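Thanks for coming, everyone. Let me put the structure up, and then I will walk through what was computed from it.

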Amino acid sequence: MPSGPSPEAIKRAIHAIWPDTDAVETAVAAFFSVDRAKHWPNFATLVTTDDFDGVSNLSRPGVFRLNIGVGPETFGRLVGTMTEPDFAALDVVLPHPEYAGQHWICILNPSDETFRDVVLPLLGEAHGRLVARLAGTRSEAGGE
């Protein structure tokens with residue numbers, strides 16, 4: 001298993017880098033948004049069990065999956081050509097097993113290097129896209 005940040009360390013990093021982040025946590029998942037009223041939509045989620053699906057085999061000790069909503073260009077560049085991804089592979093950027101159609105990607109247990117060099121920029125993109133989307137929605141709705 002790659003040595004990398006724990007789910008708790010990832011949550012702390014998200015809150016430290018993007019302090020406007022709102023997180024809703026359950027015993028098995030964390031959902032990251034920037035909307036403190038609705039807590040939706042999310043720009044990232046972190047799951048630690050197979051409660052949502054079984055394809056990542058998160059029942060393995062210490063295995064978790066970080067899901068990130070990116071733009072279509074980033075999705076295409078990173079995972080657009082994957083035909084039969086191994087959704088249980090560790091430290092590999094993959095299309096999300098359920099939400100790839102909405103341009104979500106995922107990674108199981110990123111290594112420190114992958115987290116720093118790949119995941120953090122992807123989280124930045126996802127956060128920025130959601131902030132822009134919500135700002136556009138609010139301004140269209142009369143400047144809420």
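The lining of the largest pocket divides into eleven nonpolar, seven polar and five charged residues, where Ala, Val, Leu, Ile, Met, Phe, Trp, Tyr, Cys and Pro count as nonpolar, Asp, Glu, Lys and Arg as charged, and the others, Gly among them, as polar. This is a predicted model, in which local features need pLDDT of at least 70 and side-chain atom pairs count only at pLDDT 80 or more, while totals for chains, interfaces and linings use all residues. Residues are numbered from 1 along each chain as its sequence is written, and side-chain values use heavy atoms, with hydrogens and water left out.

A pocket here is an open set of points on a 1 Å grid over the protein atoms alone, where a 1.4 Å probe fits, with protein on both sides within 12 Å along at least five of seven lines, and lining residues have an atom within 4 Å of a point. The volume of the largest pocket is about 550 Å³, taken as the space filled by probe spheres set on the points, which are joined across faces, edges and corners. Among its 23 lining residues, W40, N42, G69, Y99 and W104 are the closest to the centre. At least two lining residues come from each of β3, β4 and α3 (112–140); helices (H or I, at least four residues) and strands (E, at least two) are DSSP runs, numbered from the N terminus.

Turning to the sheet, six strands form an open, antiparallel arrangement in the order β1-β2-β3-β4-β6-β5, with pairing meaning at least two DSSP bridges between two strands. Strands β4 (residues 65–69) and β6 (residues 104–108) are joined by five bridges, and L66 has I107 as its bridge partner in β6.
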